[in-house]
Amino acid sequence: MHKSFDQAAGIRQMRHMKPVRVIAVTSGKGGVGKTNLSVNIGVALSKMGRRVAILDADMGLANVDILLGMFPEFNLSHVLSGEKSLKDIMMTGPSGLKIIPASSGIQRMSDLSSIEQAGVIRAFSEIDRELDVLIVDTAAGISASVVNFARACQEIIVVVCDEPTSLADAYAYIKLLNRDYGLNSFHIITNMVQSAEHGQALFNKLSKVTDRYLDVALQFVGAVPQDEYLKKSVQKQTPVVEAFPQSKAALAIKNLARKIDSWPIKPKAGGYLEFFVERMIQYSAKEDVA
């Protein structure tokens, strides 16, 4: 009874707060530049005056900190154990972007006791007032962890590049979320393309297949061109929008950030951090039972 009360109190506290845009950035396969885009979009939004945090939700290959040359001492597992608060583990990156190192903490989501669930909800309620956008950088692929994160988020961005395996895996990922979980709205970013036209053509190729076989709506966010400055920025461990702000990639990413910022925030369900946390716990628990 007491545990339920604690959890309910945390949820009620969050319900009085403003909506936070919660976005999953994901991909069917690795190597498409997903994490780099997550970081750069996050920095671009921060430069626009938005308060942004990235949750590094890849428990196997936590790359957000590496891209930024940061070395987290703690991660989400320390929050789950009660050793640290969410604010304690958060790091500040370029332009005030906040990083939440999750990594090994993610695999414990399915094993949380009621009191730990209440603790996670309270932890996120602490930062709710300080955020406009939460970007969830998932692992690549269609593992249970990746799917659960995507389902819990308000918006899903799928990153694809011009490789047959990338398109095929993106289709398989969208198909799984649509047919098994009823999700029907996806945003697509085409990455490492030769031109804007090439990016649009790539989106059209994917959309043609989903239109034929699935009941989904794909929305094209935009394309990011292949750019040597992107590689140089990775070597410098600095986001390209910071290191080379006038490069083709940086200009394209800033355009993506403006589009994302213009999306309407869905009211009520999915519009608050509480729903993200509740869903994440609920889906993980179901997966554990299954």
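Residues are numbered from 1 along each chain as its sequence is written. In this predicted model local features need pLDDT of at least 70 and side-chain atom pairs count only at pLDDT 80 or more, while totals for chains, interfaces and linings use all residues; side-chain values use heavy atoms, without hydrogens and water.

The chain contains 13 helices and 8 strands (DSSP runs, H or I of at least four residues for helices and E of at least two for strands, numbered from the N terminus). Of its 290 residues, 54% are buried (under 20% relative accessible area, 1.4 Å probe, protein chains only). Among contacts (heavy atoms within 4.5 Å) with a separation of 6 or more, 79% join residues 24 or more positions apart.

The largest pocket holds about 310 Å³ of space. A pocket here is an open set of points on a 1 Å grid over the protein atoms alone where a 1.4 Å probe fits, with protein on both sides within 12 Å along at least five of seven lines; lining residues have an atom within 4 Å of a point. The lining comprises 22 residues, with Gly31, Val32, Gly33, Lys34 and Asn36 nearest the pocket centre. Helix H2 (34-47), helix H3 (64-67), strand E7 (185-193) and helix H10 (228-236) each give two or more residues to this lining.

His198, Gly199, Leu202, Phe203, Leu206, Ser207 and Thr210 of H9 are buried. The buried residues of H9 pack against strand E6 (155-160), helix H8 (164-181), E7 and strand E8 (217-225).

Technical notes. Buried means under 20% relative accessible area, exposed over 50%, partly exposed in between (1.4 Å probe, protein chains only). Grid points are joined across faces, edges and corners, and a volume is the space filled by probe spheres set on the points.
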